[in-house]
Amino acid sequence: MLTYFQTYLFISFTVMAAIYAYRGYKRVYNNIQLGKKEDLSGNTSERVKSVLLVAFGQKKMFKNMIPAVLHFFIYFGFIITQIELIEIFIDGTFGTHRIIYHAIEEHSALRAVYVFTISFIEFVSVFVFIATVAFLSRRFIIKVPRLNKPELKGFPAKDAAIILLSEIYLLICIFSMNTADMAIHHGEYGFLVSGLLMHGFTGWDVSSLQVIERLGWWCHFIGVLALLVYLPYSKHLHIILAFFNTYYARLTPKGYIANMPEITKEIKLMMDPSATPPPVDANAAPVKFGAKDVFDLSWKNLLDAYTCTECGRCTAACPANQTGKLLSPRKIMMDTRDRLEEVGSANANNGGVWKEDGKSLIENGFISVEELRACTTCNACVEECPVLISPLDIIVQLRRNLIMEESNAPAEWNGMFTAMENNGAPWQFSQQDRLNWKND
Ligand code: SF4
Ligand code: SF4
């Protein structure tokens, strides 16, 4: 039985963690709200299907079997372990020990279900342990190329290591807790893996076993709270945001690039010389083309940035990256998130009012012009992303701003733009002369 002091500690830790976690998640929510409005409501059944298949079902992960299976164990293990966590939280709050087990009648079917559930969690946890060690080796020993790109140096590498090591830490805690508890009660609970492991404690006295059981229990509980607080600062926030991101994924056909209404209007007027241009509204705010900073992107682009798992599947498939160009779609998402974090904290420190800092998402240590120019708009990154993120959408908006607001394009592109405007084609001769070649 937990003492009153332990119960007090348990509740204090939980409340403290809840306050810090709330601040972290609120910060993320507020930052996403800095984006422009975009209506992605409707089509509920299609959206729910997307969540079930892509977020729950991990559908897009299974293009590459080995990492997919490893990831599946970690993901499934994470979900299923929460069942045991429920009992830990009830015990901690009411000062009980294995309350659900003792509340269920002995030899009943429900008791069998309880024992099966915990045994199943332990069984899956063994595979989670193997998968976590494999992920650590892939990243830090084998050094899989997509997990060792320049954008992952520094905090992103540490972040990945923190999460994977935390996973191992939690597994050790839960196995220490269950195994010592089984040894104290001479295997009474009937759990599968800890039932085998408890033989390692043969000959230990009960008080030592109680210390190990309590240490495992407390360390597991504190580890879970710490992860909850850390998550909003980590790329692993995707374990929560992936569900929202897949729900709000754009349902337009792949390859669809939204037109700019002002340009569409101009083109329609060009194509119909008899049309009368609408009167100019002198009081209207000047039209801004494309995006220069995070405020110009939509909230969905910003949600994408926070959901990015930094897996690098997009970068591995990107033809520009494969041919040695600077562009990495993963870095586009990471830079967008970093700039959003910078803007969000400056904004919060200034009472929610944005004070111009003379910087933007383009250059300033974020996305360079060279990267933006390298994109072929092929959509391979969008196709590969396991959580339905579109780095291309951000690239296109930033590039539109570069070209249409800053006239920042290489000379050869400018020649092509002029030809398109004058000749309706990228070539430097008029449409009437197109077939002249056949006369020679
Ligand atoms: S759309 Fe651009 S960023 Fe995405 S894969 Fe193609 S070239 Fe790379
Ligand atoms: S954008 Fe998608 S594919 Fe690319 S790193 Fe992020 S999660 Fe992975």
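This is a predicted model: local features need pLDDT of at least 70, side-chain atom pairs count only at pLDDT 80 or more; totals for chains, interfaces and linings use all residues.
Local features need pLDDT of at least 70, side-chain atom pairs count only at pLDDT 80 or more, and totals for chains, interfaces and linings use all residues. Residues are numbered from 1 along each chain as its sequence is written, while chains are lettered from A and ligands numbered from 1 in the order in which they are written.

**View 1. The shell around ligand 1.** Here 16 residues surround the ligand, with Cys318, Cys375, Cys378, Ala380 and Cys381 the closest (near means a C-beta atom, placed from the backbone, within 6 Å). H17 (391–404) gives the largest share, 3 residues. The shell splits into 13 nonpolar, 3 polar and no charged residues.

**View 2. The shell around ligand 2.** Of 15 residues, Cys308, Cys311, Cys314, Arg330 and Cys385 come nearest. Helices H12 (313–317) and H14 (329–349) each give two or more, and H14 gives the most, with 3. This shell has 9 nonpolar, 2 polar and 4 charged residues.

**View 3. The largest nonpolar core.** It's a set of 47 residues, meaning buried Ala, Val, Leu, Ile, Met, Phe, Trp, Tyr and Cys joined through C-beta atoms within 7 Å; buried means 20 or more other C-beta atoms within 10 Å of a residue's own. Among those with the most contacts inside are Cys318, Cys381 and Leu398. Domain 1 (4–32 + 64–247) and domain 2 (261–276 + 286–431) each put in at least three residues, with bounds from an automatic or database assignment.

**View 4. A second, separate core.** This one holds 17 residues, including Leu170, Ile174, Ala180 and Ala183.

Terms used
Helices (H or I, at least four residues) and strands (E, at least two) are DSSP runs, numbered from the N terminus. Ala, Val, Leu, Ile, Met, Phe, Trp, Tyr, Cys and Pro count as nonpolar, Asp, Glu, Lys and Arg as charged, and the others, Gly among them, as polar. A residue is buried if 20 or more other C-beta atoms lie within 10 Å of its own, exposed if 12 or fewer, and partly exposed in between; C-beta atoms are placed from the backbone.
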